[in-house]
Amino acid sequence: MLILLDIDGVMVPTTSWKPTEILSDGFASFSPRAVNNLQSIICNTGAKLLLTTSHKSRYNNSEWEQIFKTRGIIASIHKLEDNNDNLNRREEIVRWYIMTNISESFVILDDDKSLNGLPEYIKNKTIVTSGTVGLTLEEAETAINILRKDELVKA
Ligand SMILES: [Mg+2]
């Protein structure tokens, strides 16, 4: 199982009135609630992370795992290929879907509203978060259900 994960607007709520706190490793701190909610998806499903965030190229996979670990999330982390063609998030995800021919179940967590324009078979695995709130408990529960349902269909 796979979680396609954005960071800004999912793990880091984006607020114009409050500057984002940067930790000593140079990356933004995560919302404690979003951390709990993401960790609960991982604990309940064993899903791995596939980073879609525009920050993805800044670190390699093991550096990302350390950044997440420092923020309370233990996970196996991979990332989408670098976005050298300046695709929008929707186009990046469609490209990934076509290139990988994915067979395991997945869910997409992202605040990017361009994802509302995804083809239906991907959109029904997509949760568009509110960027100023970040990942909520209800969204985490929905994500677990999406991952499990697709797993059952295949079994
Ligand atoms: Mg975002």
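This is a predicted model: local features need pLDDT of at least 70, side-chain atom pairs count only at pLDDT 80 or more; totals for chains, interfaces and linings use all residues.
Residues are numbered from 1 along each chain as its sequence is written, and side-chain values use heavy atoms, with hydrogens and water left out.

Thr53 sits in the loop between β2 (48-51) and α2 (61-70); helices (H or I, at least four residues) and strands (E, at least two) are DSSP runs, numbered from the N terminus. Its relative accessibility is 0%, so Thr53 counts as buried. Buried means under 20% relative accessible area, exposed over 50%, and partly exposed in between, with a 1.4 Å probe and protein chains only. Leaving aside residues up to four places away in sequence, Thr53 touches Leu5, Asp6, Ile7 and Arg89, where contact means heavy atoms within 4.5 Å.

The whole structure holds 10 aromatic pairs. Rings of Phe, Tyr and Trp (its six-membered ring) pair if their centres lie within 6.5 Å; planes under 30 degrees apart count as stacked, over 60 as edge-to-face and the rest as tilted. Trp96 and Phe106 are edge-to-face because their planes meet at 85°, with the ring centres 5.2 Å apart. This pair links distant parts of the chain, with Trp96 in helix α3 (residues 89-100) and Phe106 in strand β4 (residues 106-110). Phe106 is buried, at 2% relative accessible area. Phe106 also forms a tilted pair with Tyr97, at 6.1 Å centre to centre and 55° between the planes. Tyr97 has a relative accessible area of 25%, so Tyr97 is partly exposed.
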